[in-house]
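Here are my notes on this model, written for someone new to reading structures. Keep the structure open beside them and find each residue as it comes up.

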Amino acid sequence: MLRIFVETGLMEQSAHFGWQDKDQALYGLREGYKNSADELVKIAVNSGGNLKILDTYIFPILFLYRHCIEILLKHIYTRAWGKIPRGGHNLLTLWDVIKEEIIDKIICSEDFVEQVKLYKENFIKYNLKDIDCNRIRLMIKELQESNQKDAEIDPNKKQVDQNAEVWRYLISTDENLFFFRGHSIDYLVLKKGIDYIYEVLDYIYYIVDEYLSS
(Lines give C-alpha, C1' and ligand atoms only; values in the text may rest on other atoms or scores of the structure.)
Protein backbone atom coordinates (compact mmCIF):
# COMPACT_ATOMS: atom_id res chain seq x y z
CA MET A 1 0.00 0.00 0.00
CA LEU A 2 1.33 3.41 -0.99
CA ARG A 3 2.11 5.64 2.01
CA ILE A 4 3.53 9.09 2.76
CA PHE A 5 5.82 8.64 5.77
CA VAL A 6 8.00 5.52 5.69
CA GLU A 7 11.18 4.61 7.57
CA THR A 8 13.29 2.59 5.15
CA GLY A 9 16.61 2.78 6.98
CA LEU A 10 18.28 4.13 3.81
CA MET A 11 20.45 6.89 5.26
CA GLU A 12 21.28 8.53 1.94
CA GLN A 13 17.63 9.30 1.20
CA SER A 14 16.17 9.76 4.68
CA ALA A 15 15.48 12.77 6.90
CA HIS A 16 15.76 12.45 10.68
CA PHE A 17 13.94 14.68 13.15
CA GLY A 18 12.57 14.57 16.66
CA TRP A 19 16.03 14.23 18.21
CA GLN A 20 16.57 18.00 18.55
CA ASP A 21 16.12 20.15 21.63
CA LYS A 22 14.33 23.52 21.24
CA ASP A 23 17.46 25.43 20.28
CA GLN A 24 18.52 22.85 17.70
CA ALA A 25 14.98 22.66 16.34
CA LEU A 26 14.70 26.42 15.78
CA TYR A 27 18.19 26.57 14.26
CA GLY A 28 17.35 23.72 11.89
CA LEU A 29 14.08 25.35 10.90
CA ARG A 30 15.53 28.75 10.05
CA GLU A 31 18.48 27.24 8.19
CA GLY A 32 16.20 24.83 6.35
CA TYR A 33 13.85 27.55 5.15
CA LYS A 34 16.72 29.86 4.18
CA ASN A 35 18.79 27.25 2.36
CA SER A 36 15.76 25.86 0.54
CA ALA A 37 14.87 29.35 -0.72
CA ASP A 38 18.47 29.95 -1.80
CA GLU A 39 18.44 26.73 -3.83
CA LEU A 40 15.17 27.71 -5.50
CA VAL A 41 16.63 31.14 -6.38
CA LYS A 42 19.57 29.35 -7.98
CA ILE A 43 17.20 27.21 -10.05
CA ALA A 44 15.16 30.26 -11.10
CA VAL A 45 18.09 32.43 -12.24
CA ASN A 46 19.67 29.49 -14.06
CA SER A 47 16.43 28.53 -15.82
CA GLY A 48 17.36 30.29 -19.03
CA GLY A 49 14.49 32.74 -18.75
CA ASN A 50 11.85 30.05 -18.27
CA LEU A 51 8.77 32.08 -17.33
CA LYS A 52 7.01 29.07 -15.85
CA ILE A 53 9.80 28.91 -13.28
CA LEU A 54 10.54 32.62 -12.92
CA ASP A 55 6.92 33.61 -12.37
CA THR A 56 5.90 30.77 -10.03
CA TYR A 57 8.95 30.03 -7.87
CA ILE A 58 8.76 33.54 -6.41
CA PHE A 59 5.82 32.56 -4.20
CA PRO A 60 7.41 29.62 -2.34
CA ILE A 61 10.74 31.48 -2.28
CA LEU A 62 9.29 34.54 -0.56
CA PHE A 63 7.25 32.41 1.82
CA LEU A 64 10.40 30.50 2.80
CA TYR A 65 12.45 33.69 3.18
CA ARG A 66 9.75 35.38 5.23
CA HIS A 67 9.40 32.35 7.48
CA CYS A 68 13.15 31.98 8.02
CA ILE A 69 13.28 35.59 9.25
CA GLU A 70 10.31 34.98 11.56
CA ILE A 71 11.89 31.83 13.01
CA LEU A 72 15.25 33.57 13.48
CA LEU A 73 13.62 36.43 15.40
CA LYS A 74 11.89 33.89 17.62
CA HIS A 75 15.14 31.92 17.99
CA ILE A 76 16.94 34.99 19.32
CA TYR A 77 14.25 35.69 21.88
CA THR A 78 13.95 32.06 22.95
CA ARG A 79 17.71 31.84 23.53
CA ALA A 80 17.53 34.90 25.77
CA TRP A 81 14.30 34.34 27.68
CA GLY A 82 13.47 30.66 27.21
CA LYS A 83 10.11 31.24 25.54
CA ILE A 84 8.55 32.30 22.26
CA PRO A 85 7.98 36.08 22.10
CA ARG A 86 4.64 37.78 21.65
CA GLY A 87 3.84 38.88 18.13
CA GLY A 88 2.68 35.75 16.33
CA HIS A 89 3.63 36.03 12.64
CA ASN A 90 3.96 39.82 12.70
CA LEU A 91 7.58 40.49 11.70
CA LEU A 92 7.56 44.13 12.78
CA THR A 93 6.18 43.31 16.23
CA LEU A 94 8.79 40.55 16.60
CA TRP A 95 11.60 42.91 15.56
CA ASP A 96 10.42 45.62 17.95
CA VAL A 97 10.41 43.06 20.78
CA ILE A 98 13.96 42.01 19.86
CA LYS A 99 15.09 45.64 19.72
CA GLU A 100 13.61 46.48 23.11
CA GLU A 101 14.24 43.29 25.09
CA ILE A 102 17.41 41.91 23.48
CA ILE A 103 19.38 44.71 21.84
CA ASP A 104 18.60 47.44 24.38
CA LYS A 105 18.40 45.32 27.55
CA ILE A 106 21.16 42.81 26.85
CA ILE A 107 23.62 43.66 24.08
CA CYS A 108 23.71 47.44 24.63
CA SER A 109 23.17 47.39 28.40
CA GLU A 110 26.31 48.21 30.39
CA ASP A 111 24.69 46.77 33.53
CA PHE A 112 24.01 43.46 31.80
CA VAL A 113 27.51 43.33 30.32
CA GLU A 114 29.02 43.88 33.78
CA GLN A 115 27.03 40.89 35.05
CA VAL A 116 28.31 38.77 32.17
CA LYS A 117 31.89 39.62 33.09
CA LEU A 118 31.37 38.02 36.49
CA TYR A 119 30.87 34.51 35.08
CA LYS A 120 32.57 34.56 31.68
CA GLU A 121 36.13 33.30 32.01
CA ASN A 122 37.18 34.66 28.61
CA PHE A 123 34.93 37.67 28.25
CA ILE A 124 34.64 39.42 24.88
CA LYS A 125 32.52 42.53 24.54
CA TYR A 126 30.39 42.70 21.40
CA ASN A 127 28.57 45.68 19.95
CA LEU A 128 26.31 46.64 17.06
CA LYS A 129 28.04 49.89 16.11
CA ASP A 130 28.28 48.91 12.43
CA ILE A 131 24.64 47.83 12.22
CA ASP A 132 21.86 50.25 11.39
CA CYS A 133 18.87 48.92 13.33
CA ASN A 134 16.57 51.43 11.66
CA ARG A 135 17.56 50.05 8.25
CA ILE A 136 16.84 46.51 9.41
CA ARG A 137 13.41 47.58 10.61
CA LEU A 138 12.67 49.30 7.30
CA MET A 139 13.68 46.19 5.37
CA ILE A 140 11.52 43.98 7.59
CA LYS A 141 8.68 46.47 7.12
CA GLU A 142 9.13 46.24 3.35
CA LEU A 143 8.97 42.44 3.53
CA GLN A 144 5.85 42.50 5.66
CA GLU A 145 4.08 45.18 3.63
CA SER A 146 4.86 43.57 0.29
CA ASN A 147 1.44 44.41 -1.17
CA GLN A 148 1.38 47.97 0.15
CA LYS A 149 1.40 49.61 -3.30
CA ASP A 150 -1.70 47.70 -4.35
CA ALA A 151 -3.36 48.66 -1.07
CA GLU A 152 -2.69 52.33 -1.80
CA ILE A 153 -4.73 52.01 -4.99
CA ASP A 154 -7.53 50.05 -3.35
CA PRO A 155 -7.84 50.80 0.42
CA ASN A 156 -9.98 47.70 0.82
CA LYS A 157 -6.99 45.47 0.12
CA LYS A 158 -5.13 43.96 3.04
CA GLN A 159 -2.11 46.19 3.64
CA VAL A 160 0.03 44.30 6.12
CA ASP A 161 1.06 40.65 5.93
CA GLN A 162 0.69 40.18 9.68
CA ASN A 163 -0.29 36.52 9.43
CA ALA A 164 2.16 35.43 6.69
CA GLU A 165 -0.70 34.99 4.22
CA VAL A 166 0.36 37.03 1.19
CA TRP A 167 2.92 34.62 -0.25
CA ARG A 168 1.18 31.47 0.99
CA TYR A 169 -2.21 32.08 -0.56
CA LEU A 170 -2.17 35.25 -2.74
CA ILE A 171 -5.89 35.47 -1.98
CA SER A 172 -7.20 36.91 1.30
CA THR A 173 -9.86 35.35 3.50
CA ASP A 174 -12.39 37.77 1.98
CA GLU A 175 -11.50 36.22 -1.41
CA ASN A 176 -9.67 39.24 -2.84
CA LEU A 177 -6.30 39.00 -4.55
CA PHE A 178 -3.48 40.58 -2.57
CA PHE A 179 -1.93 41.68 -5.90
CA PHE A 180 -4.14 42.84 -8.75
CA ARG A 181 -1.63 44.48 -11.10
CA GLY A 182 1.77 43.58 -12.53
CA HIS A 183 4.92 43.58 -10.39
CA SER A 184 8.53 42.56 -10.93
CA ILE A 185 11.09 41.30 -8.41
CA ASP A 186 14.77 40.70 -9.17
CA TYR A 187 15.72 37.37 -7.60
CA LEU A 188 19.36 38.24 -6.95
CA VAL A 189 18.55 41.62 -5.37
CA LEU A 190 15.93 39.87 -3.23
CA LYS A 191 18.43 37.26 -2.08
CA LYS A 192 21.04 39.93 -1.27
CA GLY A 193 18.56 41.82 0.91
CA ILE A 194 17.42 38.70 2.76
CA ASP A 195 21.04 37.61 3.23
CA TYR A 196 21.79 40.94 4.89
CA ILE A 197 18.84 40.74 7.29
CA TYR A 198 19.63 37.11 8.09
CA GLU A 199 23.32 37.77 8.74
CA VAL A 200 22.55 40.67 11.10
CA LEU A 201 19.97 38.66 13.04
CA ASP A 202 22.26 35.65 13.15
CA TYR A 203 25.00 37.88 14.60
CA ILE A 204 22.56 39.14 17.25
CA TYR A 205 21.75 35.52 18.11
CA TYR A 206 25.49 34.75 18.33
CA ILE A 207 26.09 37.61 20.78
CA VAL A 208 23.19 36.55 23.00
CA ASP A 209 24.37 32.93 22.95
CA GLU A 210 27.93 33.96 23.81
CA TYR A 211 26.85 36.21 26.67
CA LEU A 212 24.54 33.62 28.18
CA SER A 213 26.90 30.66 27.84
CA SER A 214 29.13 29.95 30.81
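1. **Overall make-up.** This is a predicted model. Its protein chain has 9 helices and 0 strands. Read from the N terminus, the order of elements is α-α-α-α-α-α-α-α-α.

2. **Extent and burial.** How big a box do the C-alpha atoms of the protein chain fill? Along the principal axes, the box is roughly 60 × 55 × 35 Å. The protein chain has 214 residues, and 39% of them are buried. Its accessible surface is about 13,200 Å². Carbon and sulfur atoms hold 53% of that surface.

3. **Charge.** Count the charged side chains next. The protein chain has 27 positive and 34 negative ones. The centres of the two sets lie 1 Å apart. The number of salt bridges comes to 14.

4. **Lys34, a residue to start with.** Lys34 sits in helix 1, which covers residues 22-45. Is Lys34 buried or exposed? Lys34 counts as buried because its relative accessibility is 7%, and the cut-off for buried is under 20%. Now look at what surrounds Lys34. Neighbours within four places in sequence are set aside here. Lys34 is then in contact with Tyr65, Cys68, Ile194, Asp195 and Tyr198.

5. **Two salt bridges on Lys34.** Which partners does Lys34 have? One is Asp38, with the closest N and O atoms 2.9 Å apart. Asp38 and Lys34 share helix 1. They are 4 residues apart, about one turn of the helix. Both residues are buried. Another partner is Asp195, where the closest N and O atoms are 2.6 Å apart. This pair links distant parts of the chain: Lys34 is in helix 1, while Asp195 is in helix 9 (residues 187-212). The two are 161 residues apart. Asp195 is buried, as is Lys34.

6. Glu70 and Lys74 form a salt bridge through their side chains, at 2.8 Å from N to O. How far apart are Glu70 and Lys74 in helix 3? They are 4 residues apart in this helix (residues 58-81), so about one helical turn separates them. Glu70 has 1% relative accessibility, so Glu70 counts as buried. Lys74 is buried too, with a relative accessible area of 12%. Elsewhere, salt bridges that share partners join Lys34, Asp38, Lys191 and Asp195 into one network. Select those four residues together in the viewer.

7. **Arg79.** Stay in helix 3, where Arg79 is also placed. Arg79 has a relative accessible area of 23%, so this residue is partly exposed. Which residues does Arg79 touch, not counting those up to four places away in sequence? They are Asp23, Tyr205, Val208, Asp209, Leu212 and Ser213. Compare Arg79 with Arg66. The two are 13 residues apart in sequence. From C-alpha to C-alpha, they are 20 Å apart in space.

8. **A nonpolar surface patch.** Ile171, Leu177 and Phe180 form a nonpolar patch on the surface. Together they have about 250 Å² of accessible area. Phe180 is placed in the loop between helix 8 (166-169) and helix 9. Its relative accessible area is 35%, so Phe180 is partly exposed.

9. **Ser184.** The loop between helix 8 and helix 9 also holds Ser184. Is Ser184 buried or exposed? Ser184 is exposed, because its relative accessible area is 74% and the cut-off for exposed is over 50%. Now check its distance to Asp55. Ser184 and Asp55 are 129 residues apart along the chain. Their C-alpha atoms are separated by 9.2 Å.

Note on methods:
Residues are numbered from 1 along each chain as its sequence is written. This is a predicted model: local features need pLDDT of at least 70, side-chain atom pairs count only at pLDDT 80 or more; totals for chains, interfaces and linings use all residues. Side-chain values use heavy atoms; hydrogens and water are left out. Buried means under 20% relative accessible area, exposed over 50%, partly exposed in between (1.4 Å probe, protein chains only). Accessible areas come from the Shrake-Rupley method with a 1.4 Å probe; for residues, only the protein chains shown count as cover. Lys and Arg count as positive and Asp and Glu as negative; His and the chain ends are not counted. The place of a charge is taken as NZ of Lys, CZ of Arg, CG of Asp or CD of Glu. Contact means heavy atoms within 4.5 Å. A salt bridge is a side-chain nitrogen of Lys or Arg within 4 Å of a carboxyl oxygen of Asp or Glu. Patches are made of residues with over 30% relative accessible area and no salt bridge: like charges are joined within 9 Å, nonpolar side chains (Val, Leu, Ile, Met, Phe, Trp, Tyr) within 5 Å.
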